[in-house]
Amino acid sequence: MNGYKQIPVYLRYLINTLLLGAFLLGGNALLASGAVNRAQSAVILQIGIYILLAVSLNVATGYLGQLPLGHAGFMAVGGYGAALLWKAMPRSAGAIVLGLLLGGLVAAVFGVVIGVPALRLKGDYLAIITLGFGEIIRVLIINLPGITGGTPGLMNIPKHSSFLVVYTTVILSCALIHTLMKSRHGRAILAIRENEIAAESSGVNTTFYKVLAFTVSAFFAGVAGALYAGYTGILTPGNFTFMTSVNILVMVVLGGLGSMAGSVIAATILTALPLALQSFNKYRMVIYALLLIAVMIFKPSGLLGRYDFSLTRILEKLINGQLFARAKKAGEDRA
Amino acid sequence: MVPLDGLGIIPERDAGRPPILDIRHLCVDFGGLRAVDDFTLLIGRTEIAGLIGPNGAGKTTVFNLLTNVYKPTQGRILLNGQDTRGKSMHQLNRLGIARTFQNIRLFAGMSVEDNVKVAMNHGYTDGVLTDMFRLPGWWRTERRQHVRALELLDLFNLAGKANALAGNLPYGDQRRLEIVRALASEPKLLLLDEPAAGMNPSETHELMDNIRMLRDEFGIAIMLIEHDMNLVMGICEGIAVLNYGKIIAKGTPREIQTNPVVIEAYLGEEAGHDA
């Protein structure tokens, strides 16, 4: 329309796939070449896992607009689910994929079971009830030592979470969440955040879509938990306390509620930062806290607000020579 | 207008078919206050009906009862022949009722086009996984919804603003967008709560043409609450006047305008006698 050149769909998909493929292979080669030391590669894997945790929590907080505080619980059940499977199966690509899927599915089942009663409530009430459920999961893990290893934890989990496994999973998960949100189901979820009564009276089954968003959020948290299990090799209930949920929430809020790119960036910064600050060990947590406060004061909507990165949009602006053109106000354009 | 069952009047052309809305003896109590009292009204299949009354008369409460925001204390509502009791709001939308709100309730952070698409629920069967993996069903739905959304937006000259954020639209456009969104769910009965509020006379005039056009093009019934008497008297075929939760008069615009009880309710007793 109006001579604004657009990139054809197949070309967009091709560009994105090629770039992400290059990122995966390049990163893998970099790690294999020994250019990064063990500590650094550990941080890189952790970043991937936290990206997935933040992006998955963003579905429930940023897109659906609720405030669950039990994300670590979903991560835990996913992690234990995958770990038990992996311990029972010989190492193979199929076993890895199966474990990741199982982790997600177990967490999704918990998501439905918890979501149906919890999502009848709103705001603070929902926060408290999900916090409670998260703690129940942790206590169950402690008290079922036959399955979970109890307080000392589950050990000797095969370390399947290589760079390729972690980042392929993260990229696929982000892509699936993105495509969900760009569909009629995703629009229904966003509509609930924007105005629940209007959504309901426009024919959106708000109960269904709330549980759906919550379940999708739990599924990918479970997948991230599986990656975590395959990364550490040991799972203990202490990994999944309320503080873990809060840390993930901080990433989402800092990045900007409802922005996937924001979640990715904030998860990266907040995971790398404590390690980068290790040499100032005494003041590490002080700097971390001050940084959070500063962002919240100067950019309360988070680093990116609701902005989402789109390479296609930038490329299209570039080929139309409008990259630096001022963003037009609503209503002015294409009238 | 012709009488039906001795309960009300509907347009002659709708007389052969049962009314789209059949409300009998509707009451609702808030605490000790009876906000709507013995409300009985019929609306024809393609009627434009008006609900008027002084501030606080209970007009919006009637809309909220019709869309099950509130539960009636007594009485019943038949929408297209079906009892609406116990239905959730989205189920009622499927049965054929759509509404706009007195205080605009758009999805402000979403684009104009997406606002309309949210309300398109009929006849799409692509599931969550189909959409996540962008199988053919997703492409079909997106294309169909895009085309339909622009068609509907075009009726109200909003197609050029399809990509703008709904919250950034001027006030009048926001009101129009709410009507388009309501239309997108393919209602049989459209409830408009003060559609002309905040519009200037020329915009109001355009709105009147648009409301008539909707009735003629889509063959739907429209019930509206409005304080702008030029609009109400200009386009409504049947009007009900509400005061303190009770219907004090029902009739054609001409009958309402000359009804002493209505004049009294609006202007007070003294002025009523003078007029």
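**View 1. The two domains of chain B in a predicted model.** The domain assignment, which is automatic or taken from a database, divides chain B into domain 1 (2–96 + 187–274) and domain 2 (109–184), and the C-alpha centres of these two domains of chain B lie 28 Å apart. This is a predicted model, in which local features need pLDDT of at least 70 and side-chain atom pairs count only at pLDDT 80 or more, while totals for chains, interfaces and linings use all residues. Residues are numbered from 1 along each chain as its sequence is written, and chains are lettered from A and ligands numbered from 1 in the order in which they are written.

**View 2. Where domain 1 of chain B touches domain 2 of chain B.** Eight residues of domain 1 of chain B are in contact with six residues of domain 2 of chain B, contact meaning that the C-beta atoms of two residues, placed from the backbone, lie within 7 Å. On the domain 1 side, strand 9 (189–193) and helix 7 (201–218) of chain B each supply at least two residues; helices (H or I, at least four residues) and strands (E, at least two) are DSSP runs, numbered from the N terminus.

**View 3. The contact between chain B and chain A.** Chain B gives 35 residues to this contact and chain A gives 28 residues. On the chain B side, two or more residues come from each of helix 2 (89–95), helix 3 (112–118), helix 4 (128–132) and helix 5 (136–155) of chain B, and helix 2 of chain B provides the largest share, four residues.
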